Amino acid sequence: MSFMRRAALASAALLLVAQPVLAQTPAKPAAVQKAAPKATKKAAPVSDFAPSADIIKTHMAFLADDLLEGREAGTRGYDIAANYVAAQYALLGVKPAADNGSYLQRVPLISFRPAGEGAMTVTGADGQSVALTFGDDFLPTPQAQAADLTVEAPVVFVGYGVVDPTRNRDDYAGLDVKGKIVVMLGGAPASIQTEERAHLSSPNTKRAEAEKRGAVGVITLSTASGEKRRPFKAGVAGMKAWRVVWRNAQDVGSIRAPGAPALASLSQAGAAKLFAGATGSLDAAMAEAEKPEGAVKGFALATKVKITLKTEIQKSESSNVVGMIEGSDPTLKAQTIILSAHLDHIGVRQNAKPGEDAINNGALDNASGIATLLEVARGFKNSKIRPKRSIVLLAVTAEEKGLVGSDYFANNPTVKKADIAANVNLDMPVLLYPFSDVIAFGSDRSTIGDVVKRAAGRVGIGVSGDPLPEEGLFTRSDHYRFVEQGVPSVFLMTGFQSGGEKAFTTFLKTNYHNPADDLKQPIDYQAAARFALVNYEIARELANTPARPVWKKGDFFGGAFAPAGHPSAAK
């Protein structure tokens with residue numbers, strides 16, 4: 001599981017820890033059984049599927065073995081894992097559903113990072129220029145589409161840069177940014193609902209708004225509270241880290257809003273130089289940003305900026321693994337329910353000391369999710385009753401690089417995009433305790449929520465609310481790439497009851513993204529089987545319910561991504 005911010009623990013709740021627990025029905029006394037033999041005979045089973053703890057354990061043992069060297073996207077270890085999943089699909093009789101009759105969907109990747117420090121110059125109204133200092137005033141942003149980029153333009157401050165019609169908010173109101181560089185505060189006002197704030201805070205969302213208005217680049221400045229959470233100086237150490245996106249038809253990085261690229265981030269000292277001579281006050285804007293409503297007003301600056309960036313770029317290949325269980329209904333089988341899980345992990349630790357374990361095996365992140373996916377597939381293939389809608393089994397690459405494999409599939413699906421009815425994502429089930437409840441992030445936003453409650457209830461599992469609302473976790477895992485295409489989606493997490501909170505937070509603190517996430521952990525494979533069962537029940541009901549899942553009327557994400565006329569729009 002990837003985190004947009006390592007410090008945001010709950011982002012780790014992005015882990016789709018869905019672990020269900022079978023209700024234990026007490027046996028009737030013999031006298032009762034004799035008195036009512038017919039009633040006992042007619043009692044319906046909880047499910048037509050009995051998941052195997054041993055089979056799940058076997059899958060995890062292979063996928064988390066040292067042989068695969070941490071399954072990093074673009075490596076030999078990942079390719080072995082992908083071929084293993086494809087072979088399991090074939091053994092189950094799952095139909096290939098990727099490229100050219102294959103199980104493997106090629107995902108062209110591009111890695112990029114700064115090549116040098118770049119240069120940034122601020123020129124005032126008096127024509128005097130000041131060169132900003134790397135690491136003190138600014139940090140350059142690498143470019144996925146060009147090894148060399150120079151942008152020179154006047155600058156406009158646009159506050160948070162948030163545009164939200166549902167709240168009658170437009171931070172660009174009254175500002176002319178065409179042909180200009182915009183500088184904006186990171187994040188979004190605290191008063192906005194957390195999941196919606198996470199979306200509005202996204203650099204992709206903000207740059208798209210800037211591009212719509214003709215801006216030619218974006219510079220970001222932290223708020224005072226943002227600086228406390230993650231100091232500007234902390235970014236210097238991460239400058240050489242590779243960023244990854246998929247390559248488009250032009251063989252360059254596929255990024256949102258390429259016309260308004262992210263150019264740099266500023267420190268408070270750098271911002272003071274950029275705002276010199278402006279009619280508006282930077283200090284007043286920063287103070288206003290800390291208020292819940294964050295009603296920061298933008299204004300044109302008296303300066304123009306020239307930024308020169310150099311980027312190191314490398315190309316590589318990986319693959320998603322795609323199979324299909326065809327539906328039985330002549331009409332509904334055209335629609336697909338996508339069950340997804342990420343296959344990749346973070347590979348080999350480069351800074352390990354001699355003799356120290358360096359392989360990040362990713363047993364729970366996310367060999368467990370893939371093992372669950374395969375076991376759910378076995379349940380469908382062994383069932384006497386085929387699902388009415390088709391089930392797509394999607395093992396994605398490069399989740400740890402920023403949800404890249406799921407984004408590639410969502411934009412380049414191997415099935416008809418308009419017919420994708422729902423997505424259920426399996427990410428990092430923490431199978432270390434006997435859970436009694438699950439959390440289904442996003443379920444309250446679409447009719448999938450009712451399905452989850454019924455399915456979990458059939459196997460004796462409760463459904464709890466979000467225990468970490470401040471983290472906006474709905475926007476932070478692979479399912480969200482389908483949400484962005486208008487598809488109602490959820491990811492599940494084991495609940496915090498029955499010792500779940502302690503198990504979850506302890507795992508994050510001691511094992512997450514660490515070689516300790518291996519098979520030596522006290523993994524509860526019976527819990528893994530129950531996890532598979534609840535996901536099977538959810539997927540089966542989604543496949544069989546007559547009505548296609550739709551967004552709830554008035555939902556923020558449904559309105560943003562599935563407007564009237566979209567197949568999943570609120571009815």
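The lining of the second largest pocket comprises, by class, 5 nonpolar, 6 polar and 4 charged residues. The structure is a predicted model, and its protein chain is divided into domain 1 (53–93 + 326–561) and domain 2 (112–314). Because both domain 1 and domain 2 give residues to the lining of the second largest pocket, this pocket lies between them.

- At least two residues of the lining are supplied by each of H5, strand S17 (437–441) and strand S18 (462–464), and the largest share, 3 residues, comes from S17.

**The two domains**

- The centres of domain 1 and domain 2, taken over C-alpha atoms, are separated by 34 Å.
- Where the two domains meet, 19 residues of domain 1 are in contact with 16 residues of domain 2.

- Helix H6 spans residues 203–212, and its buried residues are Thr205, Lys206, Arg207, Glu209 and Ala210.
- As background to that list, an α-helix has 3.6 residues a turn, so residues three or four places apart point the same way.
- The elements against which the buried residues of H6 pack are strand S7 (163–164), strand S9 (181–185), helix H5 (194–201), strand S10 (217–221) and strand S12 (262–266).
- At the start of H6, serine 202 places a side-chain oxygen within 3.2 Å of the backbone nitrogen of asparagine 204, while glycine 214, which follows H6, has a positive phi, near 90°.

**Leucine 139**

- Leucine 139 is located in strand S5, which covers residues 138–140, and with a relative accessible area of 4% this leucine is buried, because the cut-off for a buried residue is under 20%.
- When its neighbours within four places in sequence are left aside, the residues in contact with leucine 139 are Phe134, Phe232, Gly235, Val236, Met239, Ala264 and Ser265.
- Between leucine 139 and alanine 398 there are 259 residues of separation in sequence and, C-alpha to C-alpha, 25 Å in space.

**Backbone features to check in the model**

- Aspartate 365 and asparagine 366 are joined by a cis peptide bond, for which omega is about 10°, and asparagine 366 is found in helix H11, which runs over residues 363–382.
- Arginine 71, a residue other than glycine, has a positive phi near 50°; arginine 71 lies in the loop between helix H3 (53–63) and helix H4 (76–92).
- The relative accessibility of arginine 71 is 1%, so arginine 71 counts as buried.
- Aspartate 251 is likewise not a glycine, yet its phi is positive at about 65°, and its place is in the loop between strand S11 (243–246) and S12.
- At 33% relative accessibility, aspartate 251 counts as partly exposed, because this value falls between the cut-offs of 20% and 50%.

Key:
Residues numbered from 1 in each chain as written. Predicted model: local features only at pLDDT ≥ 70, side-chain atom pairs only at ≥ 80, totals over all residues. Heavy atoms only, no water. Buried < 20%, exposed > 50% of the residue type's maximum accessible area, 1.4 Å probe, protein only. Helix = DSSP H or I, 4+ residues; strand = E, 2+ residues; numbered from the N terminus. Contact = heavy atoms within 4.5 Å. Polar contact = N/O pair within 3.5 Å; in protein donor to acceptor, adjacent residues only side chain to side chain. Nonpolar A, V, L, I, M, F, W, Y, C, P; charged D, E, K, R; others polar. Domains from an automatic or database assignment.
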